[in-house]
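Look at the chain below and follow it through its helices, sheet and loops. The paragraphs after it take these up in turn.

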Amino acid sequence: MFTDAIAGRRVAASQLCGNRETGAAPSAYAASGSEARRSVKTVTSQIAQHFAARDWTNNRRSLVQVACTLPAFVAGLAAMAATVEDAYWATLLLAIPTAGLLVRLFIFQHDCGHGSFFSSRAANGILGRLISIFTMTPYEHWKRSHAAHHATSGNLDDRGKGDVPTITLNEYREMSPLGRLGYRIFRHPVFLLGVGVPINFIILQRFPLGEAARDPISLRSIAELNVMMLAVYGGAMALFGIAPVVAVYLPVIVVAAAIGGWLFFIQHNYEEAYWRHSDDWTFHEASLAGSSYYDLPAVLHWFTGNIGYHHIHHLCCRVPNHRLRDCMTAFPELNRGAKRLSLRESFGCWKFALWDDDARQMISFKDAERSRS
Ligand SMILES: [Zn+2]
């Protein structure tokens, strides 16, 4: 049993956050003395090594997940198609649970990319590519950029690799008024989730941008998905017409992209977030202090493929979605090292848009104005 195997490490793990009663916040953990910080790093590293040493794949559980989700998603699309002519309001209502199922499928693709969903690399590749047609996200390309995100998350000197663009207070102050306005618009939830993220999924991911243009694997992956999408969506449009296909799938991908964008945002963007320069940055601290534990209701954990246990996922990406909770239960100490966010608390995180390097915390635009006066 996993729990038995780690029992000997429980005492060491309990050192993670010192005083159990106080439930110290990650900022306090990060700001603790150098000896305490060294101890935290050692224990976290031991737990991460323990996670990494084990094969977490469970093909049967993964297959059951796919068998429950993929047909339900297709049924959702079929129900939407059945109502598109006579009751479009019903089509739009049905788009919400269907988009939720697409988010869950995205997490399966994500796990395939980490090699944690099936024990077979080929099986991960096949399912990941199949799901990518629906998520409109090129499998191999995203897998590579997402691996870079895991390797650099929270590193101030290595930003722009799969993270939500974030600037420091000093960088904001050095910007032109137009640049500041642009950043404020970009960071606004209506723009980011309602416009920016859907455009990224539907349009930008069709093109090799930035480093992808110089990477043959990414180039092939993007081209491969474009061809598959042309065949699937083009075929559907030839059969049913362009307007019905757009009327059914556009709301699904827009809602799913917005939910996915929100999850990605809240996983690393909160007041006590972790941003450090390279000489002070460590992978284990970035994983634990820089990734939230999004404490969602059970039904939302299901739809979002348990990605709310993000601190565990960053500590060991080889743990598939259906085992993350087991790990959290086995090492409750890890939760005290991470930032726990309830659904209600998470909505308050929108205002945090700038990293204050001196205060070592995220601040709002209002805080930035205040600190200048
Ligand atoms: Zn990941």
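What percentage of the 373 residues in the protein is buried? Buried residues make up 40% of them. A residue counts as buried if 20 or more other C-beta atoms lie within 10 Å of its own, as exposed if there are 12 or fewer, and as partly exposed in between, with C-beta atoms placed from the backbone. This is a predicted model, in which local features need pLDDT of at least 70 and side-chain atom pairs count only at pLDDT 80 or more, while totals for chains, interfaces and linings use all residues. Residues are numbered from 1 along each chain as its sequence is written.

The protein has 20 helices and five strands. These are DSSP runs numbered from the N terminus: helices are H or I with at least four residues, and strands are E with at least two. Of the contacts in the protein with a separation of 6 or more, 70% join residues 24 or more positions apart. Two residues are in contact if their C-beta atoms, placed from the backbone, lie within 7 Å.

Ala52 gives an example of two parts of the chain meeting. Ala52 lies in helix α4 (residues 34–52). Leaving aside residues up to four places away in sequence, Ala52 touches Cys316 and Arg318. Ala52 is partly exposed, because 13 other C-beta atoms lie within 10 Å.

Next comes helix α8 (residues 139–152). The expected span of a helix is 1.5 Å times one less than its number of residues. For the 14 residues of α8 this gives 20 Å, and the end C-alpha atoms are 20 Å apart, so the two agree. The buried residues of α8 are Tyr139, Glu140, His141, Trp142, Lys143, Arg144 and Thr152. Their cover includes α6 (88–114), α7 (121–135) and α12 (216–240). Just after α8, Gly154 has a positive phi of about 85 degrees.

Helix α12 also packs against helix α13 (residues 242–268), at an angle of about 125 degrees and with the axes 7 Å apart. Axes are lines fitted to C-alpha atoms, for helices over the stretch in contact, and angles run from 0 to 180 degrees between N-to-C directions. The angle therefore makes α12 oblique to α13. Under 35 degrees counts as roughly parallel, over 145 as roughly antiparallel, 65 to 115 as roughly perpendicular, and the rest as oblique. In this contact, Tyr233, Ala236, Met237 and Phe240 of α12 meet Ile242, Pro244 and Val245 of α13.

Now turn to the sheet. Three strands form an open sheet in the order β1-β4-β5, with mixed pairing. Its edge strands, β1 (167–168) and β5 (361–363), each pair on one side only. Two strands pair if DSSP finds at least two bridges between them. Strand β4 (residues 354–356) pairs with β1 in the parallel sense over two bridges, and Ile167 stands opposite Leu354 in β4.

Two loop residues remain. Arg360 sits in the loop between β4 and β5, and has a positive phi of about 55 degrees although it is not a glycine. Asn306 is not a glycine either, and has a positive phi of about 60 degrees; its place is in the loop between α15 (298–303) and α16 (310–315).
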